[in-house]
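The paragraphs below lead through one structure, element by element. Keep the sequence and the 3D view at hand while reading.

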Amino acid sequence: MNGSILSVVIFLPLAGVAVLAVGGRRMTDEAARWVAIVTALATFGASLVMLGDVDRTAAGYQLVEDTWWVRSVGLRYLVGVDGFSLWLVLLTTFLFPISILASWKIDRNVARYFAAILALETAVLGSFLALDLLLFFLFFEAILVPMYLIIGGWGSANRVYAAIKFFLFTMAGSAFLLVAILYLYAHSGAGGDASFDVRQLTTVAAGLPVQTSRVLFLAFFVAFAVKVPLFPLHTWLPDAHTEAPTAGSVLLAGVLLKVGAYGLLRFNLTLFPEASKHFATFVSVLAVIGIVYGAICALMQTDVKRLVAYSSVSHLGFVVLGIFAFTQQAITGGVLQMVNHGLATGALFLLVGMVYERTHTRELSEMGGLASVMPWLLGAFLFVVFASVGLPGLNSFVGEFLVVLGTFAVSHWFGSIAVLAVILAAIYLLWSYQRVAYGPVHEEHRHLPDLSGREVAVLAPVMALILVFGIYPKLLTSSIDPSTKATIAHVQPVGQITDVGQVRATGASP
Amino acid sequence: MPTPQLVLQPVLPEMILCAAAIAGMLYEAFARRSERSIHLGIALVGVAAAAAAAYTLWNWTGAPFVLGDTVAADRFGALAAFVLLGAAAFGCLSYAHYAERDPEAYRGEFYPLVLFATAGMILIAAANDLIVVFLALELLSLSLYVLTGITGTRRSTEAAMKYFLLGAFSSAFFLYGVAMAYGATNTTKIVGVTSPGIVQALAGQTGSQALALLAMAFLLIGFGFKVSSAPFHMWTPDVYQGAPTPVVAYMSAATKVAAFFALIRVFDVALQPLTWDWTPLVYALAALSIVVGSFLAIAQRDIKRMLAYSSVAQAGFILTGLTSPNALGIRAAMFYLIVYTLMTVGAFGVVMLVSARGEEQTSLESYAGLAKRSPGLAAVMAVFLLSLAGIPPTAGFIAKVTVFSAAIEAGNWPLAVIGVLASVVAAFFYLRVIVYMYMREPAGELEADPSMLPRVAAGVLAVAVVTLGIFPGILSGVLRSASVLRW
């Protein structure tokens with residue numbers, strides 16, 4: 001089993017789907033829930049085995065599995081893990097059981113719901129681990145259908161609109177991606193066998209004319225920018241987040257958005273280093289606009305879920321800013337921020353969902369004083385809000401700090417504006433918390449129950465990790481760094497600023 | 001001059017089908033009370049026997065061209081025969097069910113007509129002479145005109161009339177093209193064995209180049225009509241809507257397969273020396289079909305019309321593959337055609353079940369809450385729709401990747417961009433049906449046809465669509481050997 005641990009991780013959830021499909025209507029809702037949670041936990045276990053097998057000090061792809069899938073098309077089943085994907089995979093396998101536990105109370109079409117969730121897990125894990133571009137695209141597209149069904153089937157009032165918008169936006173973005181991938185493939189045949197292997201295509205792309213590779217860069221970029229989402233392609237996100245059921249929002253924010261950022265890091269930077277540098281300022285400007293714009297929009301929301309959704313736009317801007325700063329600190333910080341945002345915002349959506357289940361409203365104005373009614377729930381809420389704001393000692397601080405630090409080294413402007421957004425985040429998050437937790441209690445909210453045992457089980461692991469990663473981020477960074485170094489070496493030839501320490505050493509202005 | 005040897009084995013499938021068709025007609029005419037099951041039995045035995053004959057043709061080692069070099073005996077034709085016979089079998093079975101449900105609409109002539117049409121289709125895919133192509137084209141077209149109007153309702157008759165008038169018009173174009181090809185090359189043979197055929201004549205540039213180009217354009221119009229590519233698609237929505245659903249299930253798939261196989265042979269073989277002249281035309285037809293089909297389908301509120309426009313777009317995708325004038329493009333188109341057959345026959349099969357007796361429920365509203373009423377049927381339909389939209393892990397995804405890949409390989413990446421963008425537009429209307437099925441409440445008391453057997457059949461097709469999506473490699477050997485066209 002050691003030789004194919006990645007396949008086990010990817011396809012284990014699909015086994016759960018098979019059980020649910022075969023069970024169908026004969027299966028009780030309770031049984032379906034247990035099948036889902038056991039499958040997701042087993043997948044998490046398998047991913048821990050994977051963690052044990054990985055040499056975390058090395059750069060490059062590990063545990064690679066390579067076999068032909070569809071020879072006539074050139075499609076290979078080629079998967080591997082490195083410092084970037086390692087933690088994203090673990091984040092995914094970690095958040096899925098949490099979301100399943102959080103949707104325990106779903107009571108319509110239970111088996112179908114959990115089948116969609118597990119199918120989604122396979123698609124996401126496949127996207128993170130695929131090293132064959134067509135294989136990646138296959139998984140990337142396969143994400144759409146289950147998520148579409150989850151939003152459209154179990155969401156709130158305006159769910160169908162949100163689901164279709166989500167689907168069409170993402171698919172429109174990836175349309176160009178497919179053409180670009182096939183274009184690369186068509187040009188890979190010259191030096192031997194044509195292939196979608198990202199390692200082989202890296203050399204193929206390097207041989208293309210500058211203009212061509214820039215166009216291809218943009219094709220890749222659009223696909224991932226929609227997914228991240230980067231301003232101005234983010235408009236599907238608030239709708240999708242708001243209408244999705246709690247688990248849908250958690251997974252959307254926690255993992256799906258990461259696929260976009262991961263794509264930028266893995267494919268744009270690796271395949272088109274020249275174009276990445278050429279467009280770096282352009283992308284960074286979009287990222288900074290996204291950071292500030294997301295924060296301002298969040299500030300104006302009256303719907304809690306929409307507020308958190310816009311905060312995601314802002315936080316993901318940090319990730320992209322970090323990736324396109326090409327410095328050691330910024331990229332590592334960006335990857336760290338991906339994981340941390342998944343935990344903090346995921347937890348935020350979980351809590352918003354729990355509040356909604358009790359109050360049946362998402363309007364800030366209709367809440368208030370809940371801290372006195374449900375002290376434990378709101379206590380947890382405050383903890384997660386602090387994490388999300390970036391309080392030192394909790395997880396998000398480290399990632400944001402590294403990104404800002406790394407960005408400062410290349411541009412003072414971007415760095416300064418990004419810092420500004422951190423302050424805005426503190427304002428909108430704390431202000432919304434204040435409106436939820438304090439003030440007069442609404443009469444009908446006076447007897448709401450506090451956290452149940454199941455909800456504690458949902459929240460405790462996430463909060464524990466938020467604390468652990470906040471106190472000891474080296475756990476993550478030490479294994480991300482080798483991959484970062486390799487990527488930077490690939491993008492930035494020697495002699496350029498790649499480390500903040502260099503700025504001081506060369507005597508450049510601080 | 002030696003007397004030509006009469007080798008009939010390569011046309012055995014056609015002969016068997018015609019014999020079965022004649023037997024069916026005689027039975028209909030002379031039996032005192034015609035039994036539906038006997039009709040069906042004759043048709044299915046005919047199809048099975050023809051398939052067996054086609055199988056021997058797959059391993060044919062005799063002369064590559066027979067019957068005075070007018071019919072090619074190759075795996076290309078044999079593959080077409082398999083696909084077409086499969087579609088015919090499904091058409092007959094679904095009509096049997098349709099007739100059981102609605103005995104007044106039953107006409108015994110259905111089976112002989114389907115057999116005749118299939119014979120014409122198999123012949124057109126194997127024809128090595130433009131006259132035989134035309135002959136086969138008329139055989140299949142005339143059968144289809146009658147099939148369209150077979151129920152005799154007003155809508156069905158109107159559709160048949162429209163189909164006939166426009167079809168006759170396009171046949172005239174085609175015949176004109178044949179005449180000009182003859183004028184340009186002094187022959188109607190696609191590949192000549194004893195004397196030079198069109199491909200040799202064009203390669204040697206012995207005839208008039210202008211006439212050859214005109215012939216090419218006219219032939220393309222004729223084929224464009226049959227494969228329902230824009231701008232020759234006008235008949236498609238009306239005919240699909242008006243014709244009885246089992247007929248549509250059969251003809252939407254089979255006509256396209258047959259016409260495309262013939263198109264491949266005529267253009268990739270006979271007009272191969274004119275490749276540089278016809279690829280831009282195919283390119284334009286492909287782009288137009290994809291765009292027109294995808295956009296007009298959005299406005300449709302009737303599922304049969306929607307699938308009709310979708311079939312226009314699908315024709316465009318297949319043409320996209322053919323802009324790559326080599327074995328790669330042919331393989332891509334063939335794979336797409338096989339997948340298209342599976343998903344179209346399946347989708348119309350589901351439409352037949354949902355529409356119930358009298359075919360009243362073909363509006364999108366009749367799909368509201370289908371997942372609640374009959375979850376299996378909804379799941380199967382969702383598979384077909386996702387495959388038509390080209391979403392993994394269905395076969396439609398691999399099919400799209402292969403045609404785009406072929407087009408890009410030939411340098412036609414703008415066409416691929418048009419294709420993928422139109423796919424996004426198309427996803428919208430396919431998804432809309434899924435929205436109705438899964439996210440809306442049932443609209444009223446409307447009940448889908450509860451029968452089990454046709455559901456199983458649709459389920460088998462859906463499994464095939466997913467299997468081909470995950471393991472498309474199982475066909476690659478077949479496609480590889482079938483895509484070798486001799487000239």
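In chain A, A:Val70 has a bridge partner in strand E2(A), namely A:Leu75. This is a predicted model. Strand E2 (residues 75-81) of chain A is joined to strand E1 (residues 62-70) of chain A by six bridges, and the two strands run antiparallel. Opposite A:Arg76 of E2(A) stands A:Trp68. How many of the seven residues of E2(A) are buried? Five of the seven are, so E2(A) is largely enclosed by the rest of the structure.

The two strands form a hairpin with four residues between them, and there A:Gly74 takes a positive phi near 95 degrees. The loop between E1 and E2 of chain A also holds A:Ser72. Is A:Ser72 buried, partly exposed or exposed? A residue counts as buried with 20 or more other C-beta atoms within 10 Å of its own, and as exposed with 12 or fewer. A:Ser72 has 19 other C-beta atoms within 10 Å, so it is partly exposed. Leaving aside residues up to four places away in sequence, A:Ser72 touches B:Gly473 and B:Ser476. A:Gly24 is 48 residues from A:Ser72 along the chain, and the C-alpha atoms of the two are separated by 35 Å.

The contacts of A:Ser72 with B:Gly473 and B:Ser476 lead on to the contact between the two chains. Chain A gives 25 residues to this contact and chain B gives 27. On the side of chain B that touches chain A, helix H16 (395-409) and helix H17 (413-439) of chain B each supply at least two residues. H17(B) contributes the largest share of that side, with 13 residues. Sorted by class, the side of chain B that touches chain A has 21 nonpolar, five polar and one charged residues.

The next stop is a helix of chain A. Helix H6 (residues 144-154) of chain A has eleven residues, and eleven of the eleven are buried, so H6(A) is largely enclosed by the rest of the structure. Among its buried residues are A:Pro146, A:Tyr148, A:Gly152, A:Gly153 and A:Trp154.

Two pairs of helices in chain A show how helices pack here. In one pair, helix H9 (residues 210-227) and helix H11 (residues 246-271) of chain A pack at an angle of about 160 degrees, and their axes are 7 Å apart. An angle over 145 degrees counts as roughly antiparallel, and H9(A) and H11(A) are therefore roughly antiparallel to each other. The crossing in which H9(A) passes H11(A) is left-handed. The residues of H9(A) in this contact include A:Phe217, A:Phe220, A:Phe221 and A:Phe224, and those of H11(A) include A:Gly260, A:Gly263, A:Leu264 and A:Phe267. By class, ten nonpolar, three polar and one charged residues make up the contact of H9(A) with H11(A).

In the other pair, the axes of helix H18 (residues 395-410) and helix H19 (residues 412-437) of chain A come within 7 Å and cross at roughly 155 degrees. H18(A) and H19(A) are therefore roughly antiparallel to each other as well. From H18(A), the residues A:Glu400, A:Val404, A:Thr407 and A:Phe408 meet A:His412, A:Phe414, A:Gly415, A:Ala418, A:Val419 and A:Val422 in H19(A). The contact of H18(A) with H19(A) has six nonpolar, three polar and one charged residues by class.

How values were computed:
Residues numbered from 1 in each chain as written. Chains lettered and ligands numbered in written order. Predicted model: local features only at pLDDT ≥ 70, side-chain atom pairs only at ≥ 80, totals over all residues. Axes fitted to C-alpha atoms, helices over the stretch in contact; angles between N-to-C directions. Parallel < 35°, antiparallel > 145°, perpendicular 65-115°, else oblique. Left-handed = near helix turned anticlockwise from the far one by under 90°. Contact = placed C-beta atoms within 7 Å. Nonpolar A, V, L, I, M, F, W, Y, C, P; charged D, E, K, R; others polar. Pairing = 2+ DSSP bridges.
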